[in-house]
Amino acid sequence: SAMSTILVDSTFQECHAYGGRGGGITADRTDGILSFTGGAIKKCSSLQDGAGVYAAVSGVTIKGGTKISECTTLASGGGVAVSGSGEVTIEGVTVQQCTASSDAGCVLSSVASTTLDRVHLERCEAGQNGGAVVFDSSVTSATVKGSSTISTATAGGKGGAAHISAVMTTWQSVSISSASAETDGGSLWIDSTVSFASLYKVHILDSISTNGRGG
């Protein structure tokens, strides 16, 4: 039977995955469900993906004011890394001061249906692509909405705020400020593999492409 992991108002601080994924939380069962409400993850690190949270399950929900901060990975997904064929919803969550040596300083999703609602991503940094967010090509539908904000995000490659390879992506009522990329897409990089992209009431302020195209 499917395994459910439910965490409420839990705190993880200075937790480290020296040899693998998920410094704070790891949930790795394809038919499982992870629910994390409230609480905090702080100063966690990982050698592989997901310094704060790594989940490879059929459903992920992170909500209720959860704060993930000062987490660092030598791979991708400084704050959160999720994969699987189901759905992930991150709602009312703040991720700040998280870094990834590779992609996605704050949030990496490879989940088919991904929704970020009322999220605040602050001071995220990726050594390669997607300073704050990466929606990779495994994602069918990626939505960012609900007055979400991305501020002070930096990528060493493409997409200062976000690097998007999802089949479809919708951004509605989102503010992006002070994003920068070393190459292309100072704010958003939307890959040629994307078949549908909608941006409605998206405000972009003070973004820079240092050595490429699309500030």
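These are my notebook entries on one predicted protein model.

**Overall form**

I then checked the extent of the C-alpha trace, which spans about 45 × 30 × 25 Å along its principal axes. For 215 residues a compact globule would have a radius of gyration near 17 Å, and the 15 Å of this protein agrees with that. I noted that buried residues make up 50% of the 215 residues. Of the contacts with a separation of 6 or more, 83% are between residues 24 or more positions apart. The accessible surface comes to about 8700 Å², and carbon and sulfur atoms hold 48% of that.

**Aromatic pair**

I searched the whole structure for aromatic pairs and got 1. The rings are those of Phe12 and Phe36, with 6.2 Å between centres and 40° between planes. I logged the pair as tilted, because an angle counts as stacked only under 30 degrees and as edge-to-face only over 60. Phe12 sits in strand β2 (residues 11-13) and Phe36 in strand β5 (residues 33-37), so the pair links parts of the chain 24 residues apart. Phe36 has a relative accessible area of 2% and is therefore buried.

**Salt bridges**

How many salt bridges does a search of the whole structure find? I counted 3.

I took Arg29 and Asp31 to begin with; their closest N and O atoms are 2.9 Å apart. Asp31 is partly exposed at 33% relative accessibility, and Arg29 is partly exposed at 32%.

My next entry is Lys42 with Glu70, where the closest N and O atoms are 4.0 Å apart. Lys42 belongs to strand β6 (residues 40-42), whereas Glu70 is in the loop between β10 (67-69) and β11 (72-73), 28 residues away. I read relative accessible areas of 31% for Lys42, which is partly exposed, and 30% for Glu70, also partly exposed.

The remaining entry is Glu91 with Arg118, at 2.7 Å from N to O. Glu91 lies in strand β12 (residues 80-91) and Arg118 in the loop between β15 (107-117) and β16 (120-126), so this bridge ties together parts 27 residues apart in sequence. Glu91 is partly exposed at 27%, and Arg118 is partly exposed at 40%.

**Nonpolar patch**

Which residues make the nonpolar surface patch? I found Val167, Met168 and Phe196, covering about 240 Å². Phe196 is placed in strand β23 (residues 196-205).

Key:
Residues numbered from 1 in each chain as written. Predicted model: local features only at pLDDT ≥ 70, side-chain atom pairs only at ≥ 80, totals over all residues. Heavy atoms only, no water. Patch = residues over 30% accessible without salt bridge, like charges linked within 9 Å, V, L, I, M, F, W, Y side chains within 5 Å. Areas by Shrake-Rupley, 256 points an atom, 1.4 Å probe, with all protein chains shown as cover. Salt bridge = Lys/Arg side-chain N within 4 Å of Asp/Glu carboxyl O. Helix = DSSP H or I, 4+ residues; strand = E, 2+ residues; numbered from the N terminus. Rg over C-alpha atoms; globule rule 2.2 N^0.38 Å. Buried < 20%, exposed > 50% of the residue type's maximum accessible area, 1.4 Å probe, protein only. Contact = heavy atoms within 4.5 Å. Phe/Tyr/Trp six-rings, centres within 6.5 Å; stacked < 30°, edge-to-face > 60°.
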